Structures are given as C-alpha cells and as structure tokens.
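Here's a quick briefing to read alongside the model. Have the sequence and the 3D view open as you go.

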Amino acid sequence: MTPDVVESSSRRVVFRRFGGPEVLEIEERPIPRPARDEVRVRVAAAGVNPVDWKLFSGRPMHDPYERSLPSGNGYDFAGVIDEVGSEVEGWAVGDRVFGGLRYHAQADHLVIDPTLLVRVPDALSLVVAGALNVVGRTAVASVESQRISPDDVVLVSGAAGGVGILTAQLCVTRGARVLGTASPRNHELLRRLGIEPFAYGEGLADAVRAAVPDGPTAVLDTVGHGTVDLALDLGVPPERVNTVADYESRQRHPVRGVGGAAAGTAELAMIAALLADGTIELPIDSVHPLDEVRDAYIRSIEGHATGKIVVVTNAADEARSSG
C-alpha cells in the first residue's frame, strides 16, 4: 500500500569523518522504499543520546558498537507509517509508532522491521515518544535489576537527566522512598515528582547519611561521577548497586551493569502507557529542527539538559509541541 508522496527526496543526518558536532551533515537521498516484510516510517521526532556523540566522535568505547564511514546518526525515533510492505500484517498507513534503529533515526524517513515498533498511545506526543527508546528501556531494566519494592530506599544519580528522571519515577511508582542527585535548579522539579533532591558534590555523603541514617538499600547510577564509590561508602551491598554509566567501577567492584539491552518492546509499551496517563513524566529539554542537529548535540555535550533533547523534521506539526 503506497500513499501519494509529495516529497521528491528525503534528508538524513550523516557523518563522513569522526569528530565533534561539526562532522554532522544533512544529506539528501531518494526516499527509501520498504521490502515486502518492512514498513516505512515518516519520522517526526528523533531523540539525542550521549552514546550518539560518543559514536561519531570516534573515541574508544567500552561497548562494541560497529562503526564505519560514512554513517547515519541517531537511534530513537517516532513518526507515522506511510508505506507498508506487501507481506506485513497488523500495521497500516497512518499508525503512529516509535522505537529504535541505530544509525537511521535522524532522517525524514526510515524503513524498519515492524516487530521492532511500538504503538504510540493517543495521549502521548510524538516528541516524547521520539525521545523514549533508549531512556525508557534503560530505566525499566535498571529498576527491574534490583526488584525495587516499597521496602526500599533508593538513591538515583542524575535524577533530572533522561534516564535518571524515568528511573526515579519508576521507583516512586513501586512505593519506594527515592532520593535523587541533581543540580539545585532541578530540585523543585524532583520534589514535584515525589523525589527527595540532593545536590552533587562535596557533602553529598553526609547529607544522605543525615536523611537516611541506615543508608539506602539500593543505588541506581545513571551518570557515573563517583556514584558507585559513594554507594559502597554508604554501606550499600555491591549487588544492590546498578550502574549504566560507570564501566570502570564495574571492573573494580562486583556491582551490576544492567542496561537497556535487557528490555524490549513490551517494556517500552508499558512505560509509554505510564507517560500517556500522566503517572510519570519525561521533560523535554529542547527541540531542534533536523537542520540544526549540531546545536542539539552541543547542548547534549554540555551535560546540563533536564530530561531529553529532541530533533524534529518538517513532518512534525504535532512533534513541535512537547505536550
């Protein structure tokens, strides 16, 4: 089934050499066509993740991601199916979908195996859905790694970042008492979400001890920066520490390192439903047109984003509102 297509070409973000955001370019290409068992998505929004700029930087990484040049960019996306392969069942033109497809997401169109897609709930914007794949799967997997329950007092590092803010709220929904580290400018946001805020830096350990004399029962680290050492200093058993950011500490200590690979489409559908009904929130830090993708990564590299950074395409009248 093929709808009328008004575009004569499709844009995508590419890099042909390694470096900073300056290596990102917009390439025009023919509009891709799906195979018989694929669908094409007209992308509305695509998330920006730190792993993206680590990949296009060319610097060594702990995870064995394949890298070759030239390359597309981005992983998270949301949009609307606009073509369906002849053998595909259960999906139709006009379906709102989201998911992840590494090196392909930041584009006007992508083709994908529909088993990788998740339906966007009616009440969820495409901007939020487009930011959800990495942070949603990572947050669910991290919380599940510790079987967080009402008996827990959980410390979440980076609790105002994309992964951290979902991780902390998921712990709240499980009835746990949740402490979150964040910059002071984000403390009121965390309080509103039921998270007790603590400032980074000197005095953090003493502040946590004063608030929780017996210490946290679990620590979920989303940023590194010494969180694992802090957890162990507070007396948290190593097996009750999960870090998705500090690879060196995982080599030095028997802590856990469960991340997004441990979650899939079912977990994404669950967290999308929680966002749609207002149980949890994913703040959108900033929205950038696809042509200004370099600015989006400059913002990401600065490390001060609250929630997620998103790029949007020309298709995205809906996606230009983060509501």
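His225 sits in the loop between strand E12 (218-221) and helix H7 (227-233); helices (H or I, at least four residues) and strands (E, at least two) are DSSP runs, numbered from the N terminus. This is a predicted model, where local features need pLDDT of at least 70, side-chain atom pairs count only at pLDDT 80 or more, and totals for chains, interfaces and linings use all residues. Residues are numbered from 1 along each chain as its sequence is written, and side-chain values use heavy atoms, with hydrogens and water left out.

- His225 has a phi near 55°, a positive value in a residue other than glycine.
- With a relative accessible area of 76%, His225 is exposed (buried means under 20% relative accessible area, exposed over 50%, partly exposed in between, with a 1.4 Å probe and protein chains only).
- Tyr103 is also a non-glycine residue with a positive phi, near 70°, and its loop runs between strand E6 (96-100) and strand E7 (109-112).
- Tyr103 is buried, at a relative accessible area of 19%.
- There's a cis peptide bond from Leu69 to Pro70, with omega near -5°.
- Look for Pro70 in the loop between helix H1 (50-57) and strand E4 (71-72).

**Helix H1 and strand E1**

- H1 buries Val51, Asp52, Trp53, Leu55 and Phe56.
- Those buried H1 residues pack against E1, strand E2 (24-29), strand E3 (39-48) and helix H10 (293-302).
- After H1 comes Gly58, with a positive phi near 80°.
- Val14 belongs to strand E1 (residues 10-15) and counts as buried at 2% relative accessibility.
- Setting aside neighbours within four places in sequence, Val14 is in contact (heavy atoms within 4.5 Å) with Val23, Leu24, Glu25, Glu27, Ser71 and Gly72.
- Val14 and Ile298 are 284 residues apart along the chain, and their C-alpha atoms are separated by 16 Å.

**Helix H3**

- H3 is mostly covered, with 12 of its 13 residues buried.
- Among the buried H3 residues are Asn133, Arg137, Thr138 and Ser145, along with Val134, Val135 and Val140.
- Just past H3, Arg147 takes a positive phi of about 50°.

**Nonpolar cores**

- The largest nonpolar core has 47 residues, and those with the most contacts inside it are Phe98, Leu132, Leu166, Leu170, Leu275 and Leu282. Such a core is a set of buried Ala, Val, Leu, Ile, Met, Phe, Trp, Tyr and Cys residues joined through side-chain atoms within 4.5 Å.
- Helix H4 (residues 162-173) gives the most to this core, with 6 residues.
- A second, separate core of 28 residues includes Ala46, Leu110, Leu290 and Val311.
- Beyond its neighbours within four places in sequence, Leu132 is in contact with Asp76, Phe98, Arg137, Leu166, Leu268, Ile271, Ala272, Leu275 and Leu282.

**Around Ala159**

- Ala159 is in the loop between strand E9 (153-156) and H4, and is buried with a relative accessible area of 0%.
- Not counting residues up to four places away in sequence, Ala159 touches Gly164, Ile165, Ala168, Gly180, Thr181 and Leu190.
- The C-alpha atoms of Ala159 and Gln169, 10 residues apart along the chain, are separated by 9.0 Å.

**Cavities**

- The count comes to 2 cavities of 30 Å³ or more. On a 1 Å grid over the protein atoms alone, a cavity is a set of points where a 1.4 Å probe fits but cannot get out, and lining residues have an atom within 4 Å of a point.
- The largest cavity has a volume of about 40 Å³; a volume is the space filled by probe spheres set on the points, which are joined across faces, edges and corners.
- Lining the largest cavity are Arg12, Val13, Arg29, Gly72, Asn73, Tyr103, His104, Gln106 and Ala107.
- The second largest cavity also has a volume of about 40 Å³, and its lining is Asp52, Leu55, Asn73, Gly74, Tyr75, Arg102 and Tyr103.

Technical notes: On a 1 Å grid over the protein atoms alone, a cavity is a set of points where a 1.4 Å probe fits but cannot get out, and a pocket is an open set with protein on both sides within 12 Å along at least five of seven lines; lining residues have an atom within 4 Å of a point.
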